[in-house]
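User: I would like to learn how to read the features of a model like this one. Please give the general idea each time, and then the case at hand.

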Amino acid sequence: MDNRDSFRHNVLTSGHRACSGCGEAMAARMVSDLIGPDAIYINATGCLQVFTTHNQQSAWQAPWIHSVFANAAAVASGVEAALRIKGKSTPVVVQAGDGGTFDIGLQCLSGMIERGHDVLFVCYDNEAYMNTGVQRSGSTPHAVRTSTSPPGQFSQGKKEIKKDVISIIAAHNMPYAATATIAYFPDLKAKVEKAMRIKGPRFLQILSPCPLGWVHDSALSVSVARLAVETGLFPLVELEHGELTGVMRLAEQKPVEEYLRPQGRFKHLFANKAGAVELRHLQALADARIHRYGLLDADTQWDTETAMQSERNGRGGYWEEREHG
Amino acid sequence: MCQPQVVAAYPITPQTHIIERLAQHVADGELKAEFINAESEFGAASIVLGAVAAGARSFTATASQGLLLMTEVLYNIAGLRLPVVMVCANRAVGAPINIFSDHQDSMSVRDAGWVQLYVETNQEAVDTLIQAYRIAEACGLPVMVCMDGFLLTHTFEPVDLPTQAMVDNFLPSFQFSRTLDPTRPMTLGGASEADNFQEYRAAQQSAMEDAAPVIEAFDAEFNEQFGRSHGGLLQPYQLDGAETVLLGMGSLMGAVCDVVDKLRDQGQAVGALRLRCFRPFPVQALVEHLGGAKRIIVLEKAISIGAGGIVAAELRAALHQAGIMTPVESVIGGLGGRDLTPDVIEALFQESSINEVGTTFQFAPDHVSLPQKNMEATNNG
């Protein structure tokens, strides 16, 4: 794939209505420009759909369809099946927020992966239902203030921890699942390109800061995303056929406070002793993720061949067949 | 026959062997299609939505809870003006859970923007599906072919299957003008606001109104080519000189026609009218057929709880607007698979349901004969 001119595709044009500093808009532009206009894009309901297709206007210069909130992966399954029977190889890409991925869209996504559709599913994860006004989602991290997990006398924000969706997705024994952020473009680019070389269901979870919901300066979106990685709260990993095949290691671990301080959604944690307890919880979560993925350890062993072989021996998805046929 | 290229479904009684047989056709290579086992009916409807948007003729089938699980997508398919065709194997809606036939499922989604055709026999189901694709693709509307669960889906009867050449001659290959295609990029399903949303709805309404003559024309054309007509919008039976007309939908009309025959033999001026097309609601055709009737009895297998008979209410509105003040007796029966026997239907004819002011409908008596039922009531009282 020659990507020298990738940013000239302009699949997602300017003039759309995203907020300034929108991480999702940045991520969607990066992804769609890398993939290009020769693809069919299916969008779940959410910010991206609303700010790009407002009232008979469209910012998309590629075929694009939105149906409802929960069914993007199923619509993509149908599009891909139609292309397959017609003998076409147009790439099919789903774009959804964390609501359309972690929560309301999870069932269709699971079905799409289980059936082995040749679709790239991209989740722009901004860790709450931003489109409806910052309500908590299954992706919202522990102790975050949202409009439905407000801190108060008996609350320090969201009680539960962020759903580990990448592990849930990878557990489908699928060809490729990875996390990325808008802060490391070369990493994101490599992952999109890799995903586009692989047949079958693929999944990218891209951390996309939301200045409105995270309550940070809109100029800080990229640096906030970088801090999520550097503190260990959002590990950048790749999983192939359920096995961990790549992590972005950290030269050093930054304390979570550096990530939390610039964001108003964590402000209440710095106000009292109860908040201080939650800060320790968040640090412990970061430590656990660093330990789990070996982010401070030696080089990760890439073992793609073994993973691919186990898949072929295990059940042999049709995407393998079609690669040759 | 119709050569769908994508079939997606989630099994639910009594729809199951429709999709099981299609899966076998695909497995045997008799049907060149992608058969997609959806993770739910919501997914199945979404898959055919995507497949049709990508230009492939598609098929799904469901019933009851499954149809209601599709509801959000049904509206969306219609709003996107995608010519999806599906079969609803009509079944009751829980609770209490009940797998047997009535029309509550499809009647509950009557406002979704789908053409709804209710068939009486398995032959009509075959023929109507062929017509349905033609209607859907000509009108840019999704079509739901409603066939009674078990009463039709699980009943064996001889069916004349037309040859593929005949079907191909009647039904041209699917060419979708708004296909998702990178050479002609289009945005489908973008957001709309107050300044144009109503126009989208008005366009749907207008397309639905325009579909009525198309449904009639295609049935007539089908008759020319296949030698069978199913009435288009309505199928009258013994309406000449009929003072009382029994009106209903679906397989129950076989028994109704038997009762009409019996009563005609007894010298009663009675006829029947089968409503084949419920959406679009054929107001004009109904007025034409019922203008001379002195008594109209609507027998239907669904209820709008808190209001009563759905077809009856719409028929009253249609007649009223045409200045026809003939009372419409509304009877609800056959719910959850209960038999609507000729005895029951005859009893409806014999006893007027218009008794008290304020009564807009009644439930049909059950399948025991009336004298016996009265006796039981006396014994219990």
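This is a predicted model: local features need pLDDT of at least 70, side-chain atom pairs count only at pLDDT 80 or more; totals for chains, interfaces and linings use all residues.

User: What radius of gyration does chain B have, against that of a compact globule?

Analyst: The radius of gyration is taken over C-alpha atoms, and the globule rule is 2.2 Å times the number of residues to the power 0.38. For 381 residues the rule gives a value near 21 Å, and chain B has 21 Å, which agrees. Along the principal axes, the C-alpha atoms of chain B fill a box of roughly 70 × 50 × 45 Å.

User: How should I read burial and contacts over a whole chain?

Analyst: A residue is buried under 20% relative accessible area, exposed over 50% and partly exposed in between (1.4 Å probe, protein chains only). In chain B, 55% of the 381 residues count as buried; in chain A, 61% of the 325 residues do. A contact means heavy atoms within 4.5 Å. Among contacts with a separation of 6 or more, residues 24 or more positions apart account for 79% in chain B and for 70% in chain A.

User: And the accessible surface?

Analyst: Accessible areas come from the Shrake-Rupley method with a 1.4 Å probe; for residues, only the protein chains shown count as cover. Chain B exposes about 15700 Å², with carbon and sulfur atoms supplying 52% of it. The surface of chain A comes to about 12700 Å², of which 52% belongs to carbon and sulfur atoms.

User: Is helix α1 of chain A mostly covered or mostly exposed, and what covers it?

Analyst: Start with the span: the expected value is 1.5 Å times one less than the number of residues. Helix α1 of chain A (residues 23–35) has 13 residues and reaches 18 Å from its first C-alpha to its last, close to the expected 18 Å. The helix is mostly covered, with eleven of its 13 residues buried, including A:Ala27, A:Met30, A:Val31 and A:Leu34. Among the elements covering the buried residues of α1 are β3 (92–97), β4 (120–125) and α7 (185–197) of chain A. Just after the helix, A:Gly36 takes a positive phi of about 95 degrees.

User: Which residues of helix α5 of chain A are buried?

Analyst: In α5 (residues 106–114) they are A:Cys108, A:Leu109, A:Gly111, A:Met112 and A:Ile113. Their cover includes α3 (72–85) and α4 (99–103) of chain A, together with α2 (41–53) of chain B. A:Gly116 follows α5, and its phi is positive, near 75 degrees.

User: What makes up a nonpolar surface patch here?

Analyst: Patches are made of residues with over 30% relative accessible area and no salt bridge; like charges are joined within 9 Å, nonpolar side chains (Val, Leu, Ile, Met, Phe, Trp, Tyr) within 5 Å. B:Met1, B:Val159 and B:Leu161 make a patch of about 240 Å². B:Leu161 is found in the loop between β6 (143–148) and α7 (164–170) of chain B, and is exposed, with a relative accessible area of 55%.

User: How many salt bridges are there over all chains?

Analyst: A salt bridge is a side-chain nitrogen of Lys or Arg within 4 Å of a carboxyl oxygen of Asp or Glu. The whole structure has 31 of them over all chains. One joins B:Glu39 and A:Arg115 (2.7 Å, N to O). This pair crosses between chains, from the loop between β2 (34–37) and α2 of chain B to the loop between α5 and β4 of chain A. B:Glu39 counts as buried at 17% relative accessibility, and A:Arg115 counts as buried at 13%.

User: What does the salt bridge of A:Lys194 and A:Glu240 tie together?

Analyst: The side chains of A:Lys194 and A:Glu240 meet at 2.9 Å, N to O. A:Lys194 lies in helix α7 and A:Glu240 in strand β7 (residues 237–240) of chain A, so the pair ties together parts that are 46 residues apart in sequence. A:Lys194 is buried at 14% relative accessible area, and A:Glu240 counts as buried at 2%.

Methods. Residues are numbered from 1 along each chain as its sequence is written. Chains are lettered from A and ligands numbered from 1 in the order in which they are written. Side-chain values use heavy atoms; hydrogens and water are left out. Helices (H or I, at least four residues) and strands (E, at least two) are DSSP runs, numbered from the N terminus.
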